[in-house]
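Subject: Structure handover

Hello,

Here is the structure I promised to pass on. Please open it first, then read my notes below.

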Amino acid sequence: MAAVRAHRVLPGFGLSLGFTLAYMSLIVLVPLSAVFILTSTMSVQAFLDAVASPRVVASYRLTFGASLMAALINVVFGLLLAWALVRYRFPGKRLVDALVDLPFALPTAVAGISLTALYAKNGWLGQYLEPVGIKVAFTPLGVLVALVFIGLPFVVRTVQPVLEDLDTEIEEAAASLGADRWQTVRRVVLPTLLPALLTGFALAFARAVGEYGSVIFIAGNLPMISEITPLIIITKLEQYDYVGATAVASVMLVASFILLLIINGLQSWSDRRSARGL
Amino acid sequence: MQSSIAGWRRRLAYGAVTFSFLFLMSIVVLAQATTILNVSYDVARELYKDINPAFIADWKAKTGETLTVNQSHGGSSKQALSVIAGLDADVITMNQPPDIDILVTRGGLVAADWRKRFPHNATPYTTTSVFLVRKGNPKGIKDWDDLAKPGYQVIVPNPKTSGNGRYTYLAAWGYAFDKTKSEQVAREFVTKLFANVPVLDGGGRGATTTFTQRDVGDALVTFENEAIAISAELGTDKFEIVYPSISIDASAPVALVEKVIAKKGTAKVAGAYLEFLFSPAGQEIIAKHAYRPRDATVLAKFANRFPPIKTFDVEETLGSWADVQKKHFADGGIYDQIILKK
């Protein structure tokens, strides 16, 4: 025991671990376990009825599908944005940089209302989109638009610092060793950014899955078509069906947790891969 | 330099002392005045903003006591849940009896016979579901039948989350049922009507926004008071109200939260507050806010605002609210079935 202690450079390991565990329990685990405790009062049949009715299943499809898609879109365009913000100088750069954070700061309901106003058939964008057959407001596409909006800062803000640390000299070195531009991006830049991109993806996805305020205004909320799972939960609460609501919430929690675990796994895999130097 | 810092410190200290003194005084003053809390549904905000000062003045004239009346508004089920969870409401004013019944069944906060405690089944006013159409009524919408025709779009708030939406659904059901006395026909009718609904907003106000601001739909079905308020707010040159041949009686129930008033000792004030709603003065404020008053004289005074309309009562026609709730709106109920079919 003493020998193990002697190896630690930093003191206070026991104290900080104890504090971390206590704090995590208080802030995260206790509220979440309440969900499972309440759910466990249900019979298996009642649980299945609550979480596997066609309407609820359709909402999982929409919530998880649109969230994954929105996170993917944000990874692509968030990377582009971060790249532009880090590597180039242009007038108004600071302004753009500050704008990226706006979706963080804006109350989600405001975002939802303005997006709906924009994409409704009499809105600035909607009036041009609807005549060519693209309906955004009050369709699943609207859900996707709202989720892309709220998820953007997560990717930009996780990729940006890593990109800033990535010296252009490394790229120059790659070029001098005979790599063409595409090879440099694929073999040098992207592997370095991959962990940050995965983190950004996970954050954007997690946020999108739980999002309610901004989506609810633009979704249209039609059963089987554009109802998100958080709305199903709210609906059950409105009917005084606490237990049913927590049952659906527990399914969502487990599904999100598994997906986040997978993403974390990917991340450590990519870390190991880049540590091996490919 | 030193002395100026000391001076600042002194001033700060004086400031802090004065501030805490005033703060304590205000707490003492607040604690002395009797305070009651009215927990209510979302769109009654404007009504009670006018009722409260009138009642405070009335109470002061009668007893000399200064009152504070606080109000809290939100989605009605959410509000009821807050009271169950311990929000100290003296009175609860809702737009649907189930949201008060739940306080009887959960925790016995309200007396089981709350309907008998005040006149008209404890409902100081009523309203009904009407149609709002665009100016000139371009699609010629006259009655419920028109809303269920193919090619028509109707805006209705979500019956799952909104009392307004539930009343609309039941009004349409009641219309078809009244004509044919057949549940099968009523069911087919509401199926067709809800197939024409392109957006389900969470509450009445959301549906209003979708119809009036986003330009979606040929008709909005909402409460008469909301329709009158929209016309007043957005101009009668844009929308007009259509009264169907028959609609639903949407009476707004009120009740005392017995457990809270016993604990706070506010039974007398809270009772007087609800009685004030039934008084001529209260009824007049109610009528001004476009709700149909119970008082015949007040109703006559505002007759041009409230054209006569045939209405039916939910509990008389369709059975108790508890049964209606379970049969139509519970998970897997008729509403869920018809909306899955479309």
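One definition to start: a residue is buried if 20 or more other C-beta atoms lie within 10 Å of its own, exposed if 12 or fewer, and partly exposed in between, with C-beta atoms placed from the backbone. The model is predicted, so local features need pLDDT of at least 70 and side-chain atom pairs count only at pLDDT 80 or more, while totals for chains, interfaces and linings use all residues. Residues are numbered from 1 along each chain as its sequence is written, and chains are lettered from A and ligands numbered from 1 in the order in which they are written.

**One residue in chain B**

Take Ile246(B). It has 17 C-beta neighbours inside 10 Å and therefore counts as partly exposed. Ile246(B) sits in strand E10 (residues 246-248) of chain B. Strands (E, at least two residues) and helices (H or I, at least four) are DSSP runs, numbered from the N terminus. Beyond its neighbours within four places in sequence, Ile246(B) is in contact with Tyr175(B), Asp178(B), Lys310(B), Thr311(B) and Phe312(B). Contact means that the C-beta atoms of two residues, placed from the backbone, lie within 7 Å. Thr128(B) is 118 residues away along the chain, yet its C-alpha atom is 9.7 Å from that of Ile246(B).

**Chain B as a whole**

Chain B has 342 residues, and 44% of them count as buried. Its secondary structure comes to 17 helices and 14 strands. The C-alpha atoms fill a box of roughly 85 × 50 × 45 Å along the principal axes. Take the contacts in chain B between residues at least 6 apart in sequence: 72% join residues at least 24 apart.

Chain B is divided into domain 1 (33-125 + 251-305) and domain 2 (129-248 + 309-341). These bounds come from an automatic or database domain assignment. The C-alpha centres of the two domains of chain B lie 26 Å apart. At their contact, 14 residues of domain 1 of chain B meet 13 residues of domain 2 of chain B. The domain 1 side has six nonpolar, five polar and three charged residues. Here Ala, Val, Leu, Ile, Met, Phe, Trp, Tyr, Cys and Pro count as nonpolar, Asp, Glu, Lys and Arg as charged, and the others, Gly among them, as polar.

**Where the chains meet**

20 residues of chain A are in contact with 19 residues of chain B. On the chain A side, helix H4 (54-87) and helix H13 (229-238) each supply at least two residues. H13(A) gives the largest share, three residues. By class, this side of chain A has nine nonpolar, eight polar and three charged residues.

**Helix packing in chain A**

Helix H9 (residues 140-165) and helix H11 (residues 181-210) of chain A pack at about 155°, with axes 8 Å apart. Axes are lines fitted to C-alpha atoms, for helices over the stretch in contact, and angles run from 0 to 180 degrees between N-to-C directions. H9(A) and H11(A) are therefore roughly antiparallel. Angles over 145 degrees count as roughly antiparallel, under 35 as roughly parallel, 65 to 115 as roughly perpendicular and the rest as oblique. The contact of H9(A) with H11(A) has 14 nonpolar, five polar and one charged residues.

Helix H10 (residues 168-176) of chain A packs against H11(A) at about 135°, with axes 10 Å apart. That makes H10(A) oblique to H11(A).

Best wishes
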